[in-house]
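Visitor: I would like to learn how to read aromatic pairs in a structure. Please take me through a case.

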Amino acid sequence: MTTTMANLPVVLVEDILSRVPMTSLRAIRLTCKTWNRLSKNQIIGKKAATKNQFLGFMLIDFTICSMRFDLRGISNNDDEDDDDFIDQSVKEVSELYEYAISQIFHCDGLLLCVFNDTRSKTLMVCNMYLGQTRRIKARQLFDRFSKSGVYAFGYDDSEENRNHKILRNETNGGGYEIYDFRSDSWRLLDVVPDGDTNFGEKLSLSFKGNAYFFATEEYDETLVVEGETLYSRESRLMLLCFDFTSETFGQLLTLPFHSLGDLVVDDSSVESWALSCVGDEKLAVLFQHYKTIKIWTTTEIEPNVVSWDEFLEVDLTMFGGVPDDFRAGSFFVDEEKEVAVVFDQETKMDRNQTAYIIGKDGYFKTVNFGDDPPSYCLQLVCSSYVPSLVQLEKQAKGKINKQGKRKERDY
């Protein structure tokens, strides 16, 4: 019997597909009817791919790019050869190249895309694995989706089948509204965060169906000095959860570091912070103060409860090759290798795109993932991506198959 693609062992098929960028799986599986039939009820290559690779998406020049980092070649051991091999790739998602995107959010294998257009009437949700899209219109006819607005993506997990939802700040009159995928409609929410709270520029992060934000809380501080009462307005950076099941904000949660947050601007102080998922069980938070980077992971995380454990601390002055103006942005953690991959908060037009791999016991390595400096500076977005079989059935079951010329953008 002649061996063909259709009768290869499933184990071998998974091994083949685990070597392909996740966003290309749909095209690969459709090369034969057997692979296509299997993919309708299961995600081909999911176990093998997620075990060995860190997969995600990032924005470069307003373009969505798929990212793959395979860290199996890292030893992080003084006794090993320091010539570690890092298998990585960053490629434009050709199916979405025509769209200029300002923000992307990942939840449950789906991508929520906010267009880089102040006049946009829709949002777009994509299932890259199934090749489906869904356009979401605003609640009111003349409303628009702000390219720099506050958004969050999650799901209601109270029923057997998850009901995905989108939260956003209302552009007219303040407040918040929520979109329900099942009813295909927006609703106003009568909820506000506790205290005098402001969201910064950092994007929300979806974790276990809920969304987590960095929020700066303002509060009044009272101090008695030599019998005289003094009053001052203070601020501190906190963590805030939005629970998509109860559709409420949780309590303000403490972070394992102290920062005054986005409301205090001081050019002499170099601080940055970021959130990341560690698989589907933990959150990680990064804090940079001058040249010191610290990362913690959660030991417990719920909408109203959080506890932290330190993962690593690195002094960047101990290594060469880190620019003086480097500010840590997106990152992800490999607990097994005891390393973190950190991206600059903004890409720079005068240098190539570089990731910095930092670890315990002084491990440090730089990896270039772009040949040319970008034309426009944007924050890099990194998220742990796992493909999904969630159907985006509304609006004629749209397919990601456009190959036309990219639309003209108004910057």
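Visitor: Is F249 buried or exposed?

Guide: This is a predicted model. F249 has a relative accessible area of 11%, and buried means under 20%, so F249 is buried.

Visitor: What counts as buried for Y176?

Guide: Y176 is also on the buried side, with 12% relative accessibility.

Visitor: What describes a pair of aromatic rings?

Guide: Two values describe such a pair: the distance of the centres and the angle of the planes. For Y176 and F249, the centres are 5.3 Å apart and the planes stand at 65°, so this pair is edge-to-face.

Visitor: Where in the chain do Y176 and F249 lie?

Guide: Y176 is in strand β10 and F249 in strand β16 (residues 248-249). The pair links distant parts of the chain, 73 residues apart.

Visitor: Which aromatic pair do Y176 and F199 form?

Guide: An edge-to-face one, at 6.5 Å centre to centre and with 85° between the planes. Because Y176 belongs to strand β10 (residues 176-180) and F199 to strand β12 (residues 196-199), this pair ties together parts that are 23 residues apart in sequence.

Visitor: Which residues do ring pairs link into a cluster?

Guide: The cluster consists of Y176, F199, F213, F242, F244 and F249. The count for the model comes to 21 aromatic pairs.

Visitor: Where does the charged end of K360 sit?

Guide: Over the ring of F311, 5.2 Å from its centre. In another case, R236 lies over the face of Y219, at 4.1 Å from the ring centre.

Key
Residues numbered from 1 in each chain as written. Predicted model: local features only at pLDDT ≥ 70, side-chain atom pairs only at ≥ 80, totals over all residues. Heavy atoms only, no water. Phe/Tyr/Trp six-rings, centres within 6.5 Å; stacked < 30°, edge-to-face > 60°. Helix = DSSP H or I, 4+ residues; strand = E, 2+ residues; numbered from the N terminus. Buried < 20%, exposed > 50% of the residue type's maximum accessible area, 1.4 Å probe, protein only. Lys NZ or Arg CZ within 6 Å of the ring centre and 35° of its normal.
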